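Please take a look at the chain shown here. The report below starts with charges and rings, then moves on to strands, core and surface.

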Amino acid sequence: MKIRVLIILCSIFLSCNKTQIEDISLLNGYWEIEKVTFPSGENKDYKVNTVIDYWQLKDSTGTKEKVMPRLDGRFLSMKEFENFSIKKENDGLYIEYNNDGNVRKEKIILLTKDRFGIVNSQDKTYYYKRFEKFSLK
């Protein structure tokens, strides 16, 4: 009986510590930064974003582009692109950027239909929300 209780408690503990990733294809689309949490615990909130990220993922590779939303619903490219690939490691999923030999990784800690979170090598956590286009109606 004690072993069963221990197994159940371990299962509950381990399932609570998993990252929340519904489907990696949800990364596709327009995302705007919502807040950054620093290693000290401080937060920086972003109320308005003039530049957002457009992610395009196919299989396990893709590009991230900086774009500026316009009032007419279109986007102006900032001509800033980063190639990336999704890598699975023991402790989770990572976005690995490899641009001109400069390699860096960010761990995906959250990916749902409306929210996205990553942690970089400096332990800064970036939280994004799905971008909603402007409407003049």
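## Charges over rings

The charged end of Lys 35 lies over the ring of Tyr 127, 5.3 Å from the ring centre. Tyr 94 has a charge over its face too: Lys 105, at 4.9 Å from the ring centre. A charge sits over a ring if NZ of Lys or CZ of Arg is within 6 Å of the ring centre and within 35 degrees of the ring normal.

This is a predicted model: local features need pLDDT of at least 70, side-chain atom pairs count only at pLDDT 80 or more, and totals for chains, interfaces and linings use all residues. Residues are numbered from 1 along each chain as its sequence is written, and side-chain values use heavy atoms, with hydrogens and water left out.

## The chain in outline

The chain has one helix and ten strands. Helices (H or I, at least four residues) and strands (E, at least two) are DSSP runs, numbered from the N terminus. Read from the N terminus, the order is α-β-β-β-β-β-β-β-β-β-β.

Buried residues make up 31% of the 137 residues. Buried means under 20% relative accessible area, exposed over 50%, and partly exposed in between (1.4 Å probe, protein chains only). Take the contacts between residues at least 6 apart in sequence: 41% of them join residues at least 24 apart. Contact here means heavy atoms within 4.5 Å.

The accessible surface of the chain is about 9,600 Å², and carbon and sulfur atoms account for 53% of it. Accessible areas come from the Shrake-Rupley method with a 1.4 Å probe; for residues, only the protein chains shown count as cover.

## Aromatic pairs

How many aromatic pairs does the structure hold? There are eight. Rings of Phe, Tyr and Trp (its six-membered ring) pair if their centres lie within 6.5 Å; planes under 30 degrees apart count as stacked, over 60 as edge-to-face and the rest as tilted. Two of these pairs are set out here.

| Pair | Centre distance | Plane angle | Type |
|---|---|---|---|
| Tyr 30 and Phe 75 | 4.0 Å | 10 degrees | stacked |
| Trp 31 and Phe 116 | 5.4 Å | 55 degrees | tilted |

Tyr 30 and Phe 75 link distant parts of the chain. Tyr 30 is in strand β2 and Phe 75 in strand β6, 45 residues apart. Tyr 30 is partly exposed, with a relative accessible area of 24%. Phe 75 is partly exposed as well, at 21%.

Trp 31 in strand β2 and Phe 116 in strand β9 are 85 residues apart, and their pair also links distant parts of the chain. Trp 31 is buried, at 0% relative accessibility. Phe 116 is buried, at 0%. Both belong to one aromatic cluster, together with Trp 55, Phe 84, Tyr 97 and Tyr 128.

## The nonpolar core

The largest nonpolar core has 16 residues. Such a core is a set of buried Ala, Val, Leu, Ile, Met, Phe, Trp, Tyr and Cys residues joined through side-chain atoms within 4.5 Å. Leu 27, Trp 55, Phe 84, Ile 86, Ile 95, Ile 108 and Phe 116 touch the most other members. Strands β2, β4, β6, β7, β8 and β9 each give two or more residues to this core.

Leu 27 touches Trp 55, Leu 57, Phe 84, Ile 86, Leu 111 and Phe 116, leaving aside residues up to four places away in sequence. In soluble globular proteins, nonpolar side chains tend to be buried together.

Is β9 largely enclosed or open? Four of its five residues are buried, so β9 is largely enclosed by the rest of the structure.

Two strands pair if DSSP finds at least two bridges between them. β8 and β9 run antiparallel, joined by four bridges. A hairpin of three residues connects β8 to β9. Ile 108 stands opposite Ile 118 in β9.

β9 also pairs with β10 (residues 125-130), antiparallel, over five bridges. Here Ile 118 has Tyr 126 as its bridge partner. The β9 to β10 hairpin has five residues between the strands, and Asp 123 in the turn has a positive phi of about 60 degrees.

## Other positive phi angles

Asp 59 has a positive phi of about 60 degrees, although it is not a glycine. Asp 59 lies in the loop between β4 and β5 and is exposed, at 70% relative accessible area.

Lys 79 has a positive phi of about 60 degrees and is not a glycine either. Lys 79 is in strand β6 and is exposed, at 67%.
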